[in-house]
Amino acid sequence: MDFPGTIYAASTWIVPILIPITFHEAAHAYAAWKLGDDTAHRLGRVTFNPLKHVDPFGTILLPALLFLTKAPFLFGWAKPVPVAFGRLGHPRRDMAIVAMAGPLANVLLAVASAGLLRIAWVLPEALVPWLVQTLYQSILLNLVLAIFNMFPLPPLDGGRVVLSILPNALARPFARLERFGFLVLLGIIFPLPMLGRSLGVDLNIFRWFVAIPLAWLMPIFRTIAGASS
């Protein structure tokens, strides 16, 4: 193993992983606090301190394992922000606002990363390649996090938004999916595409929902960064 090369590559991923998940969860906590629920605020989650949001397995161990085994993707999660939706001023409307705050924070971070790429060249020449790679990966991860979390399945943010607009008769059974949401998500990401390949059918829902929008958005952010598509 090329140890120095591995350390260098890992260093370009650490910040792009920690900052997006920290801002994502802090945005949820801040929005809930301002809309009437101080649960997350009392737990110290309205903060940019990543230690308050990191899940030891989902944020550190699993992504590190995938990185070291050269998996074709990185996957992980942070500690979810607790929200007592009944304490919000307008529970249905505010549930959607709290949910969308996280992905919106990631989109803004992607824009900021693209803007910083425009001025990366003013730094010492030795730092530029590392910074460019780190900022590019920040754009990529922030966009993936924003798109992925808007998948319409609880407990993801998109599921919360759907739940906020469904009539009560549909909202209640949809909300019950939350206890199985993570298992359903894993099934969509891993076994379903493999089943589709064996049947000769494209069942890669993850690619439809994440990779295709990402491919459409990246040229826009390259333009913001001052790079050619």
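The reply covers the patch, then a pocket.

Reply: This is a predicted model, in which local features need pLDDT of at least 70 and side-chain atom pairs count only at pLDDT 80 or more, while totals for chains, interfaces and linings use all residues. Residues are numbered from 1 along each chain, and side-chain values use heavy atoms, without hydrogens or water.

Leu-104, Val-107, Leu-108, Val-111, Trp-216, Ile-220 and Ile-224 make a nonpolar surface patch of about 640 Å² (residues over 30% relative accessible area with no salt bridge, nonpolar side chains joined within 5 Å; areas by Shrake-Rupley, 1.4 Å probe; a salt bridge is a Lys or Arg side-chain nitrogen within 4 Å of an Asp or Glu carboxyl oxygen). At least two residues of the patch come from each of helix H4 (91-119) and helix H10 (205-224) (helices are DSSP runs, H or I, of at least four residues). H4 gives the largest share, four residues. Val-111 lies in H4 and is partly exposed, because its relative accessible area is 36% (buried is under 20%, exposed over 50%).

The second largest pocket has a volume of about 270 Å³ (an open set of 1 Å grid points with protein on both sides within 12 Å along at least five of seven lines; lining residues have an atom within 4 Å of a point). Of its 12 lining residues, Ile-14, Ile-17, Ile-60, Pro-63 and Ala-64 are the closest to its centre. Helix H1 (3-34) and helix H3 (56-68) each supply at least two lining residues, and H3 has the largest share, six.

Note on methods. Patch = residues over 30% accessible without salt bridge, like charges linked within 9 Å, V, L, I, M, F, W, Y side chains within 5 Å. Buried < 20%, exposed > 50% of the residue type's maximum accessible area, 1.4 Å probe, protein only. 1 Å grid on protein atoms, 1.4 Å probe; cavity = no way out; pocket = protein on both sides within 12 Å on 5 of 7 lines; lining within 4 Å. Points joined across faces, edges and corners; volume = space filled by probe spheres on them.
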